[in-house]
Amino acid sequence: MAEMNIIENDRAIVNIDLMAALIIVMSIIAVAIYSIPTVSYNDKDWRAKQYIYTIRVTDSMVQDGGDPLWEVNWTSGNYSGIKKIGFLYIDNNSKPENKVLNIDKIKALMGNGYKDNSTNTTWWEFPSPDNNLSTIDNASRVLGLTGYSFYIQLHPVGLNNFDPNSLETNISSKIINFDIATVVDRYVYIVDPSISDDIKYLKYDNRVVHYRLNLWVW
């Protein structure tokens with residue numbers, strides 16, 4: 001009889017252990033089920049914020065001229081008083097032209113750029129190897145991208161003989177996390193105020209060149 005009681009007690013212990021194990025497994029599954037929507041929500045939340053920041057920055061670049069004479073101060077390395085930069089072209093009558101950029105403002109941030117071998121048109125990037133850490137940090141601050149990494153390209157589009165290899169080479173040299181990066185495109189024209197012709201837009205083969213501004217943020 002004592003032997004039977006021992007066996008029954010062992011079975012009871014096994015059943016309790018099994019139930020405990022099942023409860024633990026079910027608890028883990030429940031936590032996983034409830035946490036997945038939270039992770040998904042958080043993922044959507046930061047992506048939405050990152051996209052909004054990227055849109056705002058590109059809006060500022062192509063629809064705002066920035067602080068008065070910011071480009072002069074920036075070129076001289078006097079970053080501290082600059083709160084807003086923008087590339088928008090504003091003519092002598094203080095009339096802005098939507099999505100028409102001023103080449104002097106572009107050069108202030110992005111330098112003289114690169115010449116395409118086939119078309120001799122110019123394209124730009126930022127940051128570039130010529131930029132020091134102070135310039136990049138101040139650009140992040142003024143653009144409202146502190147805490148983010150970013151990369152900008154501004155290049156011609158619609159030219160059949162434009163060589164894109166240099167664009168792709170420079171992108172590949174950057175450590176862009178494409179899995180989490182947000183990219184926004186803006187299509188613009190560029191004015192060079194120093195041109196004496198009535199049509200001051202950058203041209204190729206006597207035709208105005210359409211440009212594309214890309215901003216990656218991650």
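Analyst: Welcome! One term first: a pocket is an open set of points on a 1 Å grid with protein on both sides within 12 Å along at least five of seven lines, and its lining residues have an atom within 4 Å of a point. Keep in mind that this is a predicted model.

User: Which elements give two or more residues to the lining of the largest pocket?

Analyst: The largest pocket has a volume of about 180 Å³. Its lining includes Ile103, Lys107, Thr122 and Trp124. The elements that supply two or more lining residues are helix H3 (103–110) and strand E4 (122–126).

User: How many residues of that lining are nonpolar, polar and charged?

Analyst: Among the lining residues are Leu202, Val209 and Tyr211, as well as Asn112, Asn120, Lys115 and Lys203. Sorted by type, the lining of the largest pocket holds 5 nonpolar, 4 polar and 3 charged residues.

User: Let's turn to charges. How many salt bridges does a search of the whole structure find?

Analyst: To count, a side-chain nitrogen of Lys or Arg must be within 4 Å of a carboxyl oxygen of Asp or Glu. Across the whole structure, the number of salt bridges is 4.

User: Is Arg186 buried or exposed?

Analyst: The side chain of Arg186 forms a salt bridge with that of Asp59 (2.4 Å, N to O). Arg186 belongs to strand E6 (residues 182–191) and Asp59 to helix H1, so this pair ties together parts that are 127 residues apart in sequence. Asp59 is partly exposed at 25% relative accessibility. Arg186 has a relative accessible area of 14%, and the cut-off for buried is under 20%, so Arg186 counts as buried.

User: Glu125 is buried yet has no salt bridge; what is the nearest side chain of opposite charge?

Analyst: Glu125 is part of strand E4. Its side chain makes polar contacts with the side chains of Tyr114 at 2.5 Å and Asn170 at 3.1 Å. A salt bridge has to be within 4 Å, while the nearest oppositely charged side chain is 4.2 Å away and belongs to Lys174.

User: Asp192 is buried too. With which side chain does the side chain of Asp192 make a polar contact?

Analyst: Asp192 is found in the loop between E6 and strand E7 (203–204). Asp192 has no salt bridge, and the nearest side chain of opposite charge, Lys107, is 5.7 Å away. At 2.7 Å, the partner in the polar contact is Ser194.

Terms used:
Residues numbered from 1 in each chain as written. Predicted model: local features only at pLDDT ≥ 70, side-chain atom pairs only at ≥ 80, totals over all residues. Heavy atoms only, no water. Helix = DSSP H or I, 4+ residues; strand = E, 2+ residues; numbered from the N terminus. Buried < 20%, exposed > 50% of the residue type's maximum accessible area, 1.4 Å probe, protein only. 1 Å grid on protein atoms, 1.4 Å probe; cavity = no way out; pocket = protein on both sides within 12 Å on 5 of 7 lines; lining within 4 Å. Points joined across faces, edges and corners; volume = space filled by probe spheres on them. Nonpolar A, V, L, I, M, F, W, Y, C, P; charged D, E, K, R; others polar. Lys, Arg positive; Asp, Glu negative; His and termini not counted. Polar contact = N/O pair within 3.5 Å; in protein donor to acceptor, adjacent residues only side chain to side chain.
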